[in-house]
Structure formats: structure tokens, C-alpha cells
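Here is a short tour for someone meeting this structure for the first time. Take a look at the model, and then we can walk through some of its features together.

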Amino acid sequence: YSWGDYGTQPSKGTFMMQALLNRHFLKFGTFYPVGGASELAFNIIPVIEKAGGKVLVRAPVSEILTNRGKVCGVRVTRGSTKEGIDIFAPIIISNAGLYNTFEQLLPKTISAKSYYTDIC
């Protein structure tokens with residue numbers, strides 16, 4: 001299983017990346033946060049909010065919004081009506097992985113300009 005390690009199908013990853021991951025796991029083993037992976041999110045939320053940011057949970061993003069070729073926000077679906085709400089911000093960070101970000105969330109006119117589209 002390599003999707004979570006470098007964000008693409010193992011068949012589309014490089015030999016070097018797979019070799020480095022295997023070396024790391026065999027030499028050092030794996031580590032998990034005490035309390036599970038959710039502890040990372042729980043502990044970073046106060047840092048984000050202190051800096052003026054907002055953290056939304058269970059808010060599925062249907063689209064990354066752009067203006068003049070630059071990312072400017074996200075469209076979040078709300079409730080059972082699937083009503084879209086636009087949220088604008090100066091910095092947008094996608095945690096959806098390469099494929100979802102470049103093939104499903106970004107407009108094709110934007111994602112086509114990136115070399116990441118070739119590895120999705």
C-alpha cells in the first residue's frame with residue numbers, strides 16, 4: 001500500500017520512491033501518533049485558528065475556485081440539498097491527494113498547465 005505515502009498509484013510512482021519507502025520501513029519501522037492519526041488534526045486546529053484560519057469538518061469540497069488563473073477558494077456542498085457555498089481565502093491547501101486535486105477539483109484549464117496532471 002503506497003497511496004498514503006506519496007499520493008499516487010504505486011504503478012505510476014518511481015522505483016526510487018518505492019525503494020526509499022521500503023528502506024525506511026525496513027530500517028526504522030513505522031510510527032503512529034499516540035491516540036491515532038486524528039491527534040495531528042486535533043492539535044493543529046488551535047494553531048490554525050490562532051493565526052486567523054478556519055477548520056471545517058464534514059464539509060465536502062466539490063470544486064476548487066479560481067480567478068484569473070489563480071486559486072482563490074473552494075466550493076463546499078452543504079446538507080442534503082447539495083447547495084454550494086463558496087469560501088474564499090488567500091491560501092488554499094488541498095489534502096485530497098494529487099488525483100482528486102488535479103483531476104476532479106481543479107478546473108481542467110488550470111490542472112492542464114501543471115506537470116502533476118501527467119502523473120495522476
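Glu103 and Lys108 form a salt bridge, with their closest N and O atoms 4.0 Å apart. A salt bridge here is a side-chain nitrogen of Lys or Arg within 4 Å of a carboxyl oxygen of Asp or Glu. Glu103 is partly exposed, at a relative accessible area of 24%; that label covers the range between buried (under 20% relative accessible area) and exposed (over 50%), with a 1.4 Å probe and protein chains only.

Before going further, a word on the ground rules. This is a predicted model, where local features need pLDDT of at least 70 and side-chain atom pairs count only at pLDDT 80 or more, while totals for chains, interfaces and linings use all residues. Residues are numbered from 1 along each chain as its sequence is written, and side-chain values use heavy atoms, leaving out hydrogens and water.

**Salt bridges**

Side chains of opposite charge can pair when their charged atoms come close. How many salt bridges does the structure hold? There are three, listed here.

| Pair | N to O distance |
|---|---|
| Arg75 and Glu63 | 2.8 Å |
| Arg75 and Asp86 | 2.6 Å |
| Glu103 and Lys108 | 4.0 Å |

Helices (H or I, at least four residues) and strands (E, at least two) are DSSP runs, numbered from the N terminus. The salt bridge between Arg75 and Asp86 links distant parts of the chain as well, with Arg75 in strand S2 and Asp86 in strand S3, 11 residues apart. As for accessibility, Arg75 is partly exposed at 27%, Glu63 is partly exposed at 28%, and Asp86 is partly exposed at 33%.

**The nonpolar core**

Which residues make up the largest nonpolar core? The eight are Ile64, Val74, Val76, Leu98, Phe102, Leu105, Leu106 and Ile110. Such a core is a set of buried Ala, Val, Leu, Ile, Met, Phe, Trp, Tyr and Cys residues joined through side-chain atoms within 4.5 Å. S2 and helix H4 (97-105) each give at least two residues to this core, and the largest share, three residues, comes from H4. Val74, found in strand S2, counts as buried at 15% relative accessibility. Val74 and Ile64 sit 10 residues apart in sequence, yet their C-alpha atoms are 4.4 Å apart in space.

**The largest pocket**

The largest pocket holds about 1,100 Å³ of space. On a 1 Å grid over the protein atoms alone, where a 1.4 Å probe fits, a pocket is an open set of points with protein on both sides within 12 Å along at least five of seven lines; its lining residues have an atom within 4 Å of a point. The lining has 27 residues, and Lys54, Val55, Leu56, Ile91 and Ile93 lie nearest the centre. Helix H3 (38-50), strand S1 (61-67), strand S2 (70-78) and strand S3 (83-88) each give two or more residues to this lining, and H3 has the largest share, with four.

**Helix H2**

Helix H2 covers residues 15-28, and its 14 residues should span 20 Å, which agrees with the 20 Å between its end C-alpha atoms. The expected span is 1.5 Å times one less than the number of residues. Just after H2, Gly29 takes a positive phi of about 80°.

Key: Points joined across faces, edges and corners; volume = space filled by probe spheres on them.
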